[in-house]
Amino acid sequence: MADDGDGKLRTEQGAGGGGGGGHPTPAVAPAAPAAAAAPPASSSGPEAAAAAAAAWSWLGSSWLDMLLSLTFVAVATFLAYQLYKRWGKRGGAGGAAPSGPADALPRMKRRDFTLEQLREYDGARTPRILLAVHGKVFDVTKGSKFYGPEGPYGIFAGRDASRGLATFCLDKDALRDEYDDLSDLNAVQMESVREWEMQFKEKYDYVGRLLKPGEEPSEYTDEEDTKDHTKQD
């Protein structure tokens, strides 16, 4: 207790002090404010970042695949167009081959040739083109874009092409002004000659034989000639 100066006594605590024995009631600390509720997990956490990265990766991959697909389509279209320009226009309606020297010429009757006679059929002096392979003469007029004067194999027109085809040589060194018996070619080269002969038989008309020096030409009947052409049709 304490004297407040007017003879009255007062307790150290106010009216809410209460309690006997004159002991002051200890002050009660105010309750701490409730802890603020934890904020919800932020959407910008590691999981969201990983999901965003995966989404961007997927989008990038999809765009790359689309770009590659478009590039492939563009290249394929370009190549098809180039092929059409080069070969398609050479065909008539329905893809039929245009009329050319081979269509205008009748089929050649069976006959044999000397080297001198063969040279007349080079596509320049006459529209018909002949060449010889392994002693056999073929009419390659329908392949004039290859064997004509401007073709890549035009050097063989009217000549014996055996050596050039066997050695893969397109120079004049592969041509002989005299009969070439091919006796100096090796086994691999001779096999190549025979393979070329078979290919020409399948694709072009066989006309006759290339005669060796002093060899007499054969006489072919119309029946033999017709039978030979029928086999190739």
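The model is a prediction, so local features are kept only at pLDDT of at least 70, side-chain atom pairs count only at pLDDT 80 or more, and totals for chains, interfaces and linings use all residues. Numbering starts from 1 along each chain as its sequence is written, and side-chain values use heavy atoms, with hydrogens and water left out.

Overall, the protein has 7 helices and 5 strands, where helices (H or I, at least four residues) and strands (E, at least two) are DSSP runs numbered from the N terminus. Along the sequence, these elements come in the order β-β-α-α-α-β-β-α-α-α-β-α. Of the 233 residues, 25% count as buried; buried here means under 20% relative accessible area, exposed means over 50%, and partly exposed is in between, with a 1.4 Å probe and protein chains only. The protein exposes about 16500 Å², and carbon and sulfur atoms supply 59% of that; the areas come from the Shrake-Rupley method with a 1.4 Å probe, and for residues only the protein chains shown count as cover. As for contacts (heavy atoms within 4.5 Å), residues 24 or more positions apart make up 56% of those with a separation of 6 or more.

Now to helix α6. It runs over residues 187–203, and its 17 residues should span 24 Å at 1.5 Å a residue; the end C-alpha atoms sit 25 Å apart, which agrees. The expected span is 1.5 Å times one less than the number of residues. Within α6, Met190, Ser192, Val193, Glu197 and Phe200 are buried. An α-helix has 3.6 residues a turn, so residues three or four places apart point the same way. Ala187, Val188 and Glu202, on the other side of α6, are exposed. What the buried residues of α6 pack against is β3 (130–133), β4 (136–139), α4 (144–147) and α5 (162–167). At the start of α6, a side-chain oxygen of Asn186 comes to within 3.1 Å of the backbone nitrogen of Val188. That pair is a polar contact, meaning N or O atoms within 3.5 Å; within protein, one must be able to donate a hydrogen and the other to accept it, and residues adjacent in sequence count only if both atoms are side-chain atoms.

Phe200 also turns up in the largest nonpolar core, which has 14 residues; Leu131, Phe138, Val140, Tyr147 and Phe200 touch the most other members. A nonpolar core is a set of buried Ala, Val, Leu, Ile, Met, Phe, Trp, Tyr and Cys residues joined through side-chain atoms within 4.5 Å. Setting aside neighbours within four places in sequence, Phe200 is in contact with Leu131, Val133, Phe138, Val140, Tyr147 and Leu165. Apart from this core lies another, of 10 residues, with Met108, Tyr121, Leu130 and Ala132 among them.

Several loop residues are worth a look too. Arg159, in the loop between α4 and α5, is buried, with a relative accessible area of 18%. Arg176, from the loop between α5 and α6, counts as partly exposed at 36% relative accessibility. Beyond residues up to four places away in sequence, Arg176 touches Arg119, Arg159 and Arg163, and the Arg176 side chain reaches the backbone oxygen of Asp173 at 2.8 Å. Arg176 and Leu115 are 61 residues apart in sequence, yet 9.6 Å apart in space, C-alpha to C-alpha.

The loop between α5 and α6 also holds Phe168 and Leu182. Phe168 has a positive phi of about 55°, and Leu182 has one of about 60°, although neither is a glycine. Most residues other than glycine have a negative phi. Phe168 counts as exposed at 68% relative accessibility, whereas Leu182 is buried at 7%.

Finally, Gly143 is found in the loop between β4 and α4 and is buried, with a relative accessible area of 3%. Neighbours within four places in sequence aside, Gly143 is in contact with Gly148 and Tyr204. The C-alpha atoms of Gly143 and Ile129, 14 residues apart along the chain, are separated by 8.7 Å.
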